[in-house]
Amino acid sequence: MTDLTTTPSTSDALPLQAPSLPRYGTIAAIVFAIAVGALVSMVIGAGYVAALVIAWLVLVVALPLWSLAVEGGRKAVDRVATLLIWSTFGLAMIPLVSLIYTVISKGSGILSGQFFNNSMRNVLGEGGGIYHAIFGTLIVTALAAAISVPIGILTAIYLVEYGKGKKLARVITFLVDVMTGIPSIVAGLFAYALFVLIFGPGVRLGIGGSVALSVLMIPIVVRSSEEMLKLVPDELREASYALGVPKWRTIVKVVVPTAIAGIVTGVTLAIARVAGETAPLLIIAGFTTDTNLNPFSDRMTTLPVYIFQSIASPPGLYRQEYEDYAWGAALTLVTIVMLLNVLARVIGAVFAPKSGR
Amino acid sequence: MAGTVQESPTEPDPGGPGGSVVTSGDGGSTGRVGDRVFAGLSVGSAVLIVIVLAGVAIFLLEQGLPALGNSGESAYGKDNIWAYVGPLLFGTLLAALIAMIIATPLAIGVALVISHYAPRRIATAFGWLIDLLAAIPSVVYGLWGINFLALNLVPVYNWMGDNLGWLPFFEGPVPNSGRTMMTGGIVLAVMALPIITAICREIFAQTPKMHQEAALALGATRWEMIRMTVFPYARSGMFSAVLLGLGRALGETMAIALVLPPSVLVSFNLITAEGASSTIAANIANNFGNASGSKVDTLIFSGLVLFVITFAVNFLGRAIAARGQVKG
Amino acid sequence: MKITSARQAIVPGIAVLALALTACGADNEDAAPSGGGEGTEAVETGLTGTLSGGGASTQQAAMGAWAVGFQGINPDTTINYDPIGSGGGREQFISGGFPFAGSDAYLTDDEGELSAAEEQCGGTVIEVPSYVSPIAVAYNLPGVDTLNLKPETLAGIMAGKITTWDDQKIVDDNPNADLPSERINAVHRSDESGTTENFTDYLTAVAPDVWDAGAIEIWPTEYGGEGANGTSGVVQTIGNSEFSIGYADASQAQALGLANIGVGDEFVPPSAEAAAQILLASPPAEDASDTKLIYDLDFATEESGTYPVVLTSYLLACQSYDDAETAALVKGFVTYVLSDAGQEQAAAEAGSAPLNDDLQAQALEIVDAIS
């Protein structure tokens, strides 16, 4: 394995090319492995999963052995490595595919106009919906964005335009990085403690959820905006200064607009990230069956909390209905988050500043 | 760190503070009101972040520290606060450890596929797919974990219990619901995977092309090239990626709250429901609504412990990443 | 150029959001109340506002039904109930977080709760039974339709002393059943719970030799078994895993097999009627007063036809509130809960046993004094 430093494969025979497996070698091995897997599992009466596992084992053993016989040890090791590395990718895809499949197959059945237009008020069993939860999520997330985006972008501007080389900037860069790792439940506890100080015990407010989400969202916005502002070429700034434009106008009119696509991408991704948060909202935004559009009074249901409550504490007679609600809401939430992600990618891809690479 | 390939910075380094060329525009801004206001605003925001982070710490300290003296009823029937937080901390670390053992090799493999193995165009799409994993809300992971993954893992656990039962980890008995520490660890692994992958593939892609081509030109196979050029170059980055993934796994709440049976005890038995210790975050989520008075303090104290640990892990991760960048 | 196109991309996004926000009110909230049970006419009561309480998760299903019924009569009100557990409900009630609370155990001064509650209320605390329901012993045992358990057997299973389904003791109770030789997965509440307290209270009363942990709210770890969060967590865990057994409010466990419990020489299945029997036979608790209608259940009863594992859940409220609106809401809601309509609604939707007429009259009189 470590023969790189010793003489590479130049042996006595001196053929121009080292012997290697035929071009179709890998495919042949895969077909062979699948065949063996299918055969064995049929004989012992096991299912698809067993067949796949057997096929994979056969492949991981057979191909390198063949390679060892034909090509020698180093190539065989390389083939094992290649196989294993691709296998990790396949393995990583299993949860994604199974998760999306599960959510769609279980959640699509309940989707209907009624499901989207009803709340859970006065609902026992059937006929409920996620109207209130959708609005809860929209309002709480929008407010969180309204708090986080200005703070986040201004901080990024400070870091890139004002704070270079200063100690405060370094401290803040570091703290922002650390903040990225604050557990979401801790953010919820923080918001709860803050609002209890103001409103007394038992407080549940939509705005509290926004504050908690902001704690999670600000660092994401800062980091992505900072990256984007750094990509703005200094020539642009210098040209602007040379024309006598003050620094703040240069930032507002030249630097930020140049980076805006990337910043919007970052913000959208951050929104997508916090829109799916459950734990802090469970603590501070609470749960209700009603549509509440006022984030400053009373509790507000959001989609993630709705899902959690439907699955964690449904009324006994209507367990099945509530599980359906949970899956329907999960599908809706995943769709919203995925759409935001795709939107962010598209914005990023279409308007990305031309960088060197 | 022996064998680390050092090179002058030929690549742009996105993360490092002060890493790029500094152009100060201060000269053009003397005495203008707009400038002062704007500078003030941006400094204010930056300082606000420090205040918020300090606020998180202070609130946790103020609310959590009184719980240090809690015992009996207010410590959920335990003799003292540590008897309650200790097992939860153990559960948190164990679940995160399992997650890392599973996720690290997977993430490195996936990152290699994206950076080196897949054709460029497909690689971008693969990158998106992995990022989708990061976008799925944790409560949905929980839903999937409890209704799909856990149930499907039961035969695997049964096999493990039968064949590996002599190891204390796999003693069983296996619950038919499949809600075990192992399931929790697997869900966490899936959730941490995209984070580790994202950082690893950035760093793998930054490995100097010259090194890679030199290795290939000397007749190295692709795997040898990766072992001899990519891994040494990326070692500190990979380490910090794992730490950041660990940070995510430690703080993950909802998925675990749904998947892991909530009990407070210390046990290495990974495939039983009876001996599974819950994690701090999940325990807070499960019990917070149920608590008031001194029990809230107890829970907030456990949150403080979690915060300190996550902080430390992230701190370490970022510090290593920063050091790696200065060198690389 | 790049700048303008980027801005153009944001505008539609904001527009969509704004458009979405202008649409207000869910369809079912504008419409006439539905599902409020027959005979609920929208009488103009003048009650408005939101009342948020919480507590025992056993009352959750009934609370959902009551909220629907009450909101049907009072369209401008909203009732929220956080099913966070009896202990949490009592604590939040004492700290002033909840104006009313549901609790499976009445307030006592063992931990100073009663005095603290009285202090919070500025005087008198009201406690009325709102929900009486059997605690079912639910099991998931393929091929076994009826399961009889004597108290000692049940205690043995839950204490981890009987570990397989074909244990001689279970076989003795069920001579005709085809019991598998599988390990018993005993499921219990992992959170603090009034159901656990009532259940262990029962075990202590009937099988003190086997169950030696006493009546407790938090399940003792050393007895093993699989923990689950909340009543529905227990039900879900039992439903998901074969060879499990556990205890849960009967209303929530209807989909599962429910064991018949030995009383005297017979085995009684859980039913609302059989459960209601026990309240008649039980003496008032020590702290009972003319505003506190509380009972110490006689679990060890051998009365024929009585299902002994019963949970009585109370509503806690103050006799007077600083805020007139809250007082009116609490009074209106609790009155509805105790009314014929409310008790029938709960019986239909949550499988509880309606209070008998005598008790109901007493309770309504107590609630009438709320101001």
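Reply: Gladly! Over all chains, the structure holds one disulfide. This is a predicted model, where local features need pLDDT of at least 70, side-chain atom pairs count only at pLDDT 80 or more, and totals for chains, interfaces and linings use all residues. Residues are numbered from 1 along each chain as its sequence is written, chains are lettered from A and ligands numbered from 1 in the order in which they are written, and side-chain values use heavy atoms, with hydrogens and water left out.

Me: What makes C:Cys121 and C:Cys318 a disulfide?

Reply: The term asks for a pair of cysteine sulfur atoms within 2.5 Å. For C:Cys121 and C:Cys318 the S to S distance is 1.8 Å, so the pair meets the definition. The angle about the S-S bond is -70 degrees, and the link is left-handed. It joins distant parts of the chain, with C:Cys121 in helix α5 (residues 113-121) of chain C and C:Cys318 in strand β12 of chain C, 197 residues apart. Helices (H or I, at least four residues) and strands (E, at least two) are DSSP runs, numbered from the N terminus.

Me: Why is B:Cys200 called buried?

Reply: Buried means under 20% relative accessible area, exposed means over 50%, and partly exposed is in between (1.4 Å probe, protein chains only). B:Cys200 has 1% relative accessibility, so it counts as buried. Both C:Cys121 and C:Cys318 are buried as well.

Me: Why is the pair of A:Phe195 and A:Phe199 called stacked?

Reply: Rings of Phe, Tyr and Trp (its six-membered ring) pair if their centres lie within 6.5 Å; planes under 30 degrees apart count as stacked, over 60 as edge-to-face and the rest as tilted. A search of the whole structure finds 27 aromatic pairs over all chains. A:Phe195 and A:Phe199 lie 6.0 Å centre to centre with 10 degrees between the planes, which is a stacked pair. They are four residues apart in helix α7 (residues 184-199) of chain A, and therefore separated by about one helical turn.

Me: And what makes C:Tyr202 and C:Phe299 edge-to-face?

Reply: Their ring centres are 6.1 Å apart and their planes are at 80 degrees, so the pair is edge-to-face. C:Tyr202 belongs to helix α8 (residues 194-206) of chain C, while C:Phe299 sits in the loop between α10 (272-281) and β12 (310-318) of chain C, 97 residues apart. C:Tyr202 counts as buried at 0% relative accessibility, and C:Phe299 does at 5%.

Me: How do you know that A:Lys247 lies over the face of A:Tyr162?

Reply: A charge sits over a ring if NZ of Lys or CZ of Arg is within 6 Å of the ring centre and within 35 degrees of the ring normal. A:Lys247 lies over the face of A:Tyr162 at 4.5 Å from the ring centre. B:Arg222 is placed over the face of B:Tyr117, at 4.0 Å from the ring centre.

Me: How do you know that the span of helix α1 (residues 25-44) of chain A agrees with what it should be?

Reply: The expected span is 1.5 Å times one less than the number of residues. The 20 residues of α1(A) should span 28 Å, and the end C-alpha atoms are 28 Å apart, which agrees.

Me: Which residues of α1(A) are buried, and why are they put on the same side?

Reply: A:Gly25, A:Ala29, A:Ala33, A:Gly37 and A:Ser41 are buried. They cover an arc of only 120 degrees around the axis, which puts them on the same side of α1(A); the arc is that of the directions from the helix axis to the C-beta atoms.
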